[in-house]
Amino acid sequence: MGRTLAEKVWDAHVVRRGKDGEPDLLYIDLHLVHEVTSPQAFDGLRLAGREVRRPDLTIATEDHNTPTLNIDQPIADPVSRIQIETLRRNCAEFGVRLHSLGDVEQGIVHVVGPQLGLTQPGLTVVCGDSHTSTHGAFGALAFGIGTSEVEHVLATQTLPLKPFKTMAITIDGELPEGSSAKDIILAVIAKIGTGGGQGYVLEYRGEAIRALSMEARMTICNMSIEAGARAGMVAPDETTFEYLKGRPHAPAGDEWDAALESWRTLASDPDAVFDTEVVLDAAELEPFVTWGTNPGQGARLSAAVPDPAGYPDPDDRQSAERALAYMDLKAGTPLREIAVDTVFIGSCTNGRIEDLRAAAAVVAGRQKATGVRVLVVPGSARVRLQAESEGLDRVFTEFGAEWRQAGCSMCLGMNPDQLAPGERSASTSNRNFEGRQGKGGRTHLVSPLVAAATAVRGTLSSPSDL
Amino acid sequence: MEKFSTHTGVGVPLRRSNVDTDQIIPAVYLKRVTRTGFEDGLFAAWRNDPGFVLNRPPYERGSVLVAGPDFGTGSSREHAVWALNDYGFRVVLSSRFADIFRGNAGKQGLLAAVVDQADVERLWSVLESRPGTEVTVDLGARTVSCEDLTVALEVDEYTRWRLLEGLDDIGLTMQHVEQVGDFEAHRPDWLPTTLPAR
């Protein structure tokens, strides 16, 4: 019987098959590290007298806590500063490559890996961060892990894992103008629910996926975790190879040819059987926004805030009621009438150059709505430089936006970029959980196009409203 | 890791679904570099509400959390498990757990066991009508008991064995370190390395 892409990558990494219900022991090709989920793992190594088995398969960046202003000065928050300093000490002690704040390769770990060409098809990639699913866009099996597992990978370069189930998400049709990858994934999550992907690896396929750039595929794979799936994948193709060629850590010369030969085998076989299949028509998509407090609580921008009474399931009803109370929204309000205080453009979901270009094209020559704060945070220092070389920084600042340094920033508000209690944002990030962007903050997840149009009008909008 | 066989403690009904790890412990508490002392961050935002279940005695001394479906979604932060442990919880029961949370719990000796939603409702009804009722979780027998109610719990066999024996994963993997070396010897040369930096 044929195998799925995920099964092929899995099989190629089994160090030891588990017997009698034991998990398989899987080899890890690339381990990404950041300051928040690693200090206790390094401590564990020290306590046990262990080393990092493969520092040459490990790379660290500073991203979650880093300020996006005044990065040449010491970090003002002493607790954040200690966490960053701890990462620096740990990397120096254990021989791990680190890109610190101010380094040209610094940025969000999930932007940096692909940008350096370290993320490649067929690899197993892990990181103590749930958005590691991003790297699946290259046909890698990539998933987030907890700190105990970070320690396990540092010590052994392996992880004991139970096989995942597989789910094919086929998206055919052509994406309409004004819609983007973010709308695809928000629609997928709304369809299968925040728990729909639990236990699965999702494989996105179909002509709409094939037509997407690598950046757009990363946006989709990134939010697989928001559907409960630890990993999402796209089979590599010419778009993938084109993106990788010439990147600092991509193979070159004869090695490129060898790699390419291997990468071309990375597709689900025609007779492969998925445990579950979901189908979506891209042509029917429109800009999608969330109205609630989990990423599954989303709707078309043209719709209204739903009435919880309309949910047949009592649990869904209660969850919607609670969400509307937290979000301070009334059932029946058209989503386009919801006014925001802040627009955040950035994160590992939508902080890449293509996202910034899309947003800049919408705001160019316009002025932001009065009273709205607009924060543009590139996903990495390289993305920032690229954007500046294209003049996007001036487009944003002339629009009235703040042009910041790279990092996770307001996606989770571990640095000073936060919503104040009661403030409402349109955000290109990945989670609209209660308090995610700051205590009492209210988040609407949107695409870069919707974020930009919202910044112009002050209410949730798409470029077609301008 | 400490062995887990049975546990008896006050049950806490948490009548919410989709309890994401940002609710279990907000990001602001993640800046610490220690592995202990996270109890103050547990459900920090919700604990500001005097009506929240952990603010209502005798639930505040609970050790068995009975939650709605999709517990532990979102961020991979193991701090969520540390916070539950540090507060005094030994068991979380739900009809559905997020994968990463369940994995993290198993590594830290916190039992995350699946119970049918209908049974969760039965447990809630007992725990809400008689606050302070104790719940006994027997991992060996795979049961949850509370007054005259006994329901089944599910946990995968491997995690159950590790919890019952109190085994540490890294130690188990270290027994196969030679096979890891054999595997490494056969990896293709063109695979990327982070060092030297290019």
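1. Basis. This is a predicted model, in which local features need pLDDT of at least 70 and side-chain atom pairs count only at pLDDT 80 or more, while totals for chains, interfaces and linings use all residues. Residues are numbered from 1 along each chain as its sequence is written, and chains are lettered from A and ligands numbered from 1 in the order in which they are written.

2. Make-up of chain B. Chain B has 7 helices and 7 strands; helices (H or I, at least four residues) and strands (E, at least two) are DSSP runs, numbered from the N terminus. Along the sequence the pattern is β-α-β-α-β-α-β-α-β-β-β-α-α-α. The C-alpha atoms of chain B fill a box of roughly 65 × 40 × 25 Å along the principal axes.

3. The sheet. In chain B, an open sheet of 7 strands is ordered β4-β3-β2-β1-β5-β6-β7, with mixed pairing (two strands pair if DSSP finds at least two bridges between them). β4 (111–114) and β7 (149–152) of chain B are at the edges with a single partner strand each, so one side of each has no neighbour in the sheet. From one strand to the next the twist averages 30° (axes are lines fitted to C-alpha atoms, and angles run from 0 to 180 degrees between N-to-C directions).

4. One strand pair. Strands of a sheet pair through backbone hydrogen bonds, either parallel or antiparallel. In chain B, β1 (residues 6–14) and β5 (residues 134–138) run antiparallel and are joined by 5 bridges. B:Gly9 stands opposite B:Val135 in β5(B).

5. Burial and contacts. Chain B has 198 residues, of which 46% count as buried. A residue is buried if 20 or more other C-beta atoms, placed from the backbone, lie within 10 Å of its own, exposed if 12 or fewer, and partly exposed in between. Of the contacts in chain B with a separation of 6 or more, 73% are between residues 24 or more positions apart (contact: C-beta atoms, placed from the backbone, within 7 Å).

6. B:Asn48. This residue is in the loop between α1 (21–24) and β2 (64–67) of chain B. B:Asn48 is exposed, because 11 other C-beta atoms lie within 10 Å. B:Asn48 and B:Leu172 are 124 residues apart in sequence and 42 Å apart in space, C-alpha to C-alpha.

7. The contact between the chains. Chain A contributes 68 residues and chain B 50 residues. On the side of chain A that touches chain B, helix α5 (residues 147–156) of chain A gives the most, with 6 residues. The residues of that side are 23 nonpolar, 29 polar and 16 charged (Ala, Val, Leu, Ile, Met, Phe, Trp, Tyr, Cys and Pro count as nonpolar, Asp, Glu, Lys and Arg as charged, and the others, Gly among them, as polar).

How values were computed. Two residues are in contact if their C-beta atoms, placed from the backbone, lie within 7 Å.
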